[in-house]
Every structure is written in C-alpha cells, then in structure tokens.
Amino acid sequence: MTAATPDASQPAVPYGTPEAPRIAVRGEARLEVDPEIARIGITVAARGRDRRSALDDLTRRNAGVLDLVKSYGDAVERLETGAFSITPELTKHGRGERVRTYHGNVRVTAELTDFTALGELTTRLADLELTHVDGPWWALRPDSPAHREARKKAVREAVQRAREYAEALGTSLSALVELADIGAESAPPAYPQAPGRMRSAAFAGNAEDTPAPLDLEPQRQRVHAQINARFTMVPPQL
C-alpha cells in the first residue's frame, strides 16, 4: 500500500513543539489622514447642425479648458484627456436617415495637490459654456507615508499582542518565525463614492463677473493594514 501524498494546494500549518511553542497573531491598524491629491472630471460639450461646426466648437472649448487648467502651474500634478466623441442625432420623423444635429464631447481629468487653487479652478470651469465638472474625488498617493505608517503600526500591534499572550503563560517571546502581509490599502479607492462637501465663499480680488470660488473641505482618508505573525516562545512552566 502506498502512502497518501499530502495535498499540495493546502499550505502546511507551522505547528509548534513543546521545546519551541508557537504563537500566531494578527496585527491590524486603521488610520485617518488628510488627502494628498484631488481629482476632478471635466466634460466639454458642443452641438452643431453639421459635423464640422460641432467639431470646431468642441476644439475651441476644449482648448480653453486645457489652457485654464494649465494656467495653475504646479498646483496641477496631472492633466489627461479621456474619451472623445462626435455623435449624429437622427430626425425622429420622415423616411431615410437624416441627421438633425451633431453632438460632441471630450472628457478631461485633472489631478491637483493645491486644494486652495482647486476651489477657484472648479468654479471657473463650471462657469464655462457647455462645460460639466464632476468631483472632487480625494485620494492618497500609492507611495503615501500613511500606508507605511499603517503597516508599521500593524506590526507593532502584532508583537504587543503576542507578548501579552506569552506573559499570560508566564513566559516570553524568543523569535519571530513568520510575518505575512495581508495587505495595506486605502479606503475609499482612487475615486471615492462621495465627493467632498462644497460651499461658496468670497474671494478677494475677483472681477465682478467672476463667480466666487467654492470652499472645498478635503475628505479624510482611511488607511487599513493587516498582517499575520508567528512567534516562538520560551517553553512555559504549566
């Protein structure tokens, strides 16, 4: 009779021994920090009786939006153009396919780090003709120090928890056997489900025909980290 082979898909559980008993714990950390970046979505639209006029208007308005955003210099960390479309609208009545008008759209995404400039830019964009603004969506950078701090805090909690278990047995930890990173991620994701709160505010020095910029309150970001840790401890006297 051949011996049964272990299932390779099932990981081996590192049991301890009487000479080197093991403790398995989980460390967890939750932080709440200020956002580092804010993203806004800008949709520029145009409409014309023929394709060329719709395209010309869309090009002009898109150029105006890009120039306005770029005028904020270093406050804008990233500017990207997404979807572009020119769509014919057919007449509802009559025979044949007759085009009634053409609709054009361009989608632009801007990422800012200066939240004071964000309020003014958002208001000026919203004041442009046939321009729709979404957001802002607040986020942390992937390499934000907040993620590192959450992971370090999770490790410290795991060590503290294991030490408390050992002390309850009248002994102490002797060595770290394994440290497994379950993951450290920010919630909400890159595009949070709820944009930040907006309210109007006065802005000194604006022209009379320029709307007062929005006062945007940054949405706090939650960072979560979890780790599994295994330690050996000095054999307790039970």
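Which residue caps the N-terminal end of α1? The views below come from a predicted model, in which local features need pLDDT of at least 70 and side-chain atom pairs count only at pLDDT 80 or more, while totals for chains, interfaces and linings use all residues. Residues are numbered from 1 along each chain as its sequence is written, and side-chain values use heavy atoms, with hydrogens and water left out.

**View 1. The N-terminal cap of helix α1 is D50.** A side-chain oxygen of D50 lies 3.1 Å from the backbone nitrogen of R52, a polar contact (a pair of N or O atoms within 3.5 Å; within protein, one must be able to donate a hydrogen and the other to accept it, and residues adjacent in sequence count only if both atoms are side-chain atoms).

**View 2. Helix α1 has a buried side and a face turned away from that side.** Helices (H or I, at least four residues) and strands (E, at least two) are DSSP runs, numbered from the N terminus. Buried means under 20% relative accessible area, exposed over 50% and partly exposed in between (1.4 Å probe, protein chains only). The buried residues of α1 are in contact (heavy atoms within 4.5 Å) with elements that include β2 (37-48) and β3 (76-90), whereas the face turned away carries the exposed residues R52, D67 and K70.

**View 3. L130 lies in the loop between α2 (115-126) and β5.** Phi of L130 is near 50°, a positive value in a residue other than glycine, and L130 counts as partly exposed because its relative accessibility is 46%.

**View 4. The peptide bond from G135 to P136 is cis.** Its omega is near 0°, and P136 is placed in strand β5 (residues 131-139).
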